[in-house]
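Subject: Structure handover

Hello,

Here is the structure for you to look through. My notes on it follow below.

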Amino acid sequence: MGRTRRIVLAVALAALASVPVLALAAGGGPVKGAKYSGSIGPGYPMSFKVSANGRDVDSLVVAFEETCSPGAGSVAPKYHYPTLAITGGKFSGTSTDSFGKTVSDRLQISGSFSGRDASGKVKDFSHIKSLPNCTQTEPFTAKAK
């Protein structure tokens with residue numbers, strides 16, 4: 001009877017040990033070579049590609065219009081990001097833009113992957129000369145096509 005218990009215990013432990021590995025494989029990182037698209041906050045579009053080896057976010061473009069300053073436009077400007085590394089299923093980076101000599105924006109993005117889904121947040125730091133600085137954060141979601 002002792003031997004049977006040891007076998008049952010060994011099988012049970014082996015099964016439990018494989019659960020986290022299976023869960024990670026099922027939804028952990030991004031889909032290699034996939035193009036993701038989605039939206040930020042109130043519906044601003046975003047898109048990016050995951051490299052063929054799954055290590056980088058490429059061609060990330062985010063449309064974003066901060067609304068915490070007066071006089072927000074009707075068309076959200078597009079921000080282009082450099083290649084961002086994917087580490088542990090997560091990525092982050094910054095894009096900056098200036099609109100003339102009086103307006104500058106810094107847009108930070110941080111996100112994570114769960115297989116075909118990506119989610120995170122975009123944080124805007126806006127400076128308009130003669131107005132108080134403005135900081136606004138919006139969530140994003142994207143899905144692989």
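A charge is taken to sit over a ring if NZ of Lys or CZ of Arg is within 6 Å of the ring centre and within 35 degrees of the ring normal. R106 lies over the face of F125 in this sense, at 4.1 Å from the ring centre. Please keep in mind that this is a predicted model.

Y36 and its strand

Y36 sits in strand β1, which covers residues 35–40. Its relative accessible area is 0%, and because the limit for buried is under 20%, Y36 counts as buried. A polar atom of the Y36 side chain lies 3.0 Å from the backbone nitrogen of V31. The C-alpha atoms of Y36 and T141 are separated by 9.5 Å, although these residues are 105 apart along the chain.

Strand β1 pairs with two other strands. With β2 it runs antiparallel, joined by six bridges; here K35 has K49 in β2 as its bridge partner. The two strands form a hairpin with three residues between them, and G41 in the turn has a positive phi of about 45°. With β9, strand β1 also pairs in the antiparallel sense, over five bridges. In that pairing, the bridge partner of S39 is T141 in β9.

The nonpolar core

The largest nonpolar core has 26 residues, and those that touch the most other members are Y36, M46, F48, L60, V62, I109 and F113. Two or more residues come from each of β1, β2 (44–50), β3 (56–63), β7 (103–114), β8 (117–128) and β9 (134–144). As background, nonpolar side chains in soluble globular proteins tend to be buried together.

Aromatic pairs

How many aromatic pairs are there? The count comes to seven. In one of these, Y36 and F48 are stacked, with 5.1 Å from centre to centre and 5° between the planes. This pair links distant parts of the chain, since Y36 belongs to strand β1 and F48 to strand β2, twelve residues apart. Both Y36 and F48 are buried.

Y44 and F64 form a tilted pair, at 5.8 Å centre to centre and 55° between the planes. Y44 is in strand β2 and F64 is in the loop between β3 and β4 (78–80), so the pair ties together parts that are 20 residues apart in sequence. Y44 has 17% relative accessibility and so counts as buried, given the limit of under 20%. F64 is buried as well, with a relative accessible area of 1%.

Y36 and F48 also belong to an aromatic cluster, together with F91, F113 and F140.

The salt bridge

The structure holds one salt bridge. It is formed by the side chains of K143 and D117, at 2.4 Å from N to O.

Regards

Technical notes
Residues numbered from 1 in each chain as written. Predicted model: local features only at pLDDT ≥ 70, side-chain atom pairs only at ≥ 80, totals over all residues. Heavy atoms only, no water. Helix = DSSP H or I, 4+ residues; strand = E, 2+ residues; numbered from the N terminus. Buried < 20%, exposed > 50% of the residue type's maximum accessible area, 1.4 Å probe, protein only. Polar contact = N/O pair within 3.5 Å; in protein donor to acceptor, adjacent residues only side chain to side chain. Core = buried A, V, L, I, M, F, W, Y, C linked by side-chain atoms within 4.5 Å. Salt bridge = Lys/Arg side-chain N within 4 Å of Asp/Glu carboxyl O. Phe/Tyr/Trp six-rings, centres within 6.5 Å; stacked < 30°, edge-to-face > 60°. Pairing = 2+ DSSP bridges.
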